[in-house]
Amino acid sequence: MSSNHHDHGLHNNFEKEMSYGDYLQLDKILSSQQLVSGHHDEMMFIIIHQSSELWMKLILHEMTEAKKFILHNDLEPAFKMLSRVSRIQQQLIQSWDVLSTLTPAEYMEFRDKLGRSSGFQSYQNRLIEFLLGHKRIDALKVYEHDKELHSTLLKSLNEKSIYDAAILALSVRGLQIDKECLERDWSQEYTLNESVEQAWLTVYKDVSKYWDLYELAEKLVDIETRQQQWRYNHMMTVERIIGHKIGTGGSAGVDYLKRVINHRFFPELWSIRTKL
């Protein structure tokens, strides 16, 4: 008789059944860390970036679906998805703490082996920024070598952002929004508009009447706050490890990261706080 009664009934024959490893395809995931150097810390470097890309995939999955609900003026189902996004972002923020254990001397031992590959080339991060409304057509140049990927990014560039969807929701509820915000070129960077600002002020001044729009606004602020925290931690980690060197992919590195920290995705949701 087994000495461990907790194992009674435990299924252990997986010749014809799907196991945990089969379901998660762990053979593929755990064999995808192909080191290009013999340095111990490269394993951590790869896993941090791979896991970040998986979290980004989930962000895109949740935020894309949330945008669909908002565009159909069905806001409440979007709230849980947006809450989940902000919690995923927290995981990404914390990942910089692990990467920051890599010292400059350690990184220099394998940095040259990375060639021209760079986190700046992360197409999922670019898709997230497009979905948040930070649109730049010049950002697509780095993906021209891959026609399918370039097409995916171009499609996203020309679609409404989640903030465009929120502004349309304001209009649907009868709040006055300038036509230029409702029928604009979606590929262009959104800029602050007075009619949108006034609409959000109306929402925040009468929360009981516009509770769902108010809740949507706060969910978006949560996401932007964490996105900025992620950007800041990214910048600080890069500066800690490589200082002001040019990035491996040719980007301006820390100088570029410092410039984007002050960028606002949802400008009116911040400006109204001074005016309330």
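How many residues does the largest nonpolar core have? I looked this up and found 72. A nonpolar core here is a set of buried Ala, Val, Leu, Ile, Met, Phe, Trp, Tyr and Cys residues joined through side-chain atoms within 4.5 Å. Buried means under 20% relative accessible area, with a 1.4 Å probe and protein chains only.

The model is predicted, so I note that local features need pLDDT of at least 70, side-chain atom pairs count only at pLDDT 80 or more, and totals for chains, interfaces and linings use all residues. Residues are numbered from 1 along each chain as its sequence is written, and side-chain values use heavy atoms, leaving out hydrogens and water.

Met-63, Trp-200 and Leu-213 are among the residues with the most contacts inside the core. Helix 11 (residues 211-242) gives the most to this core, eleven residues. Helices are DSSP runs of H or I, at least four residues, numbered from the N terminus.

I then checked Met-63. Beyond its neighbours within four places in sequence, its contacts (heavy atoms within 4.5 Å) include Leu-82, Ile-162 and Ile-223.

Next I looked at helix 10 (residues 194-205) against helix 11. Their axes, lines fitted to C-alpha atoms over the stretch in contact, come within 9 Å and cross at roughly 110 degrees. The two helices are therefore roughly perpendicular, a label for 65 to 115 degrees on a scale from 0 to 180 between N-to-C directions. Trp-200, Val-203 and Tyr-204 of helix 10 meet Leu-213, Tyr-214, Ala-217 and Glu-218 of helix 11.

Terms used. Buried means under 20% relative accessible area, exposed over 50%, partly exposed in between (1.4 Å probe, protein chains only). Angles under 35 degrees count as roughly parallel, over 145 as roughly antiparallel, 65 to 115 as roughly perpendicular and the rest as oblique.
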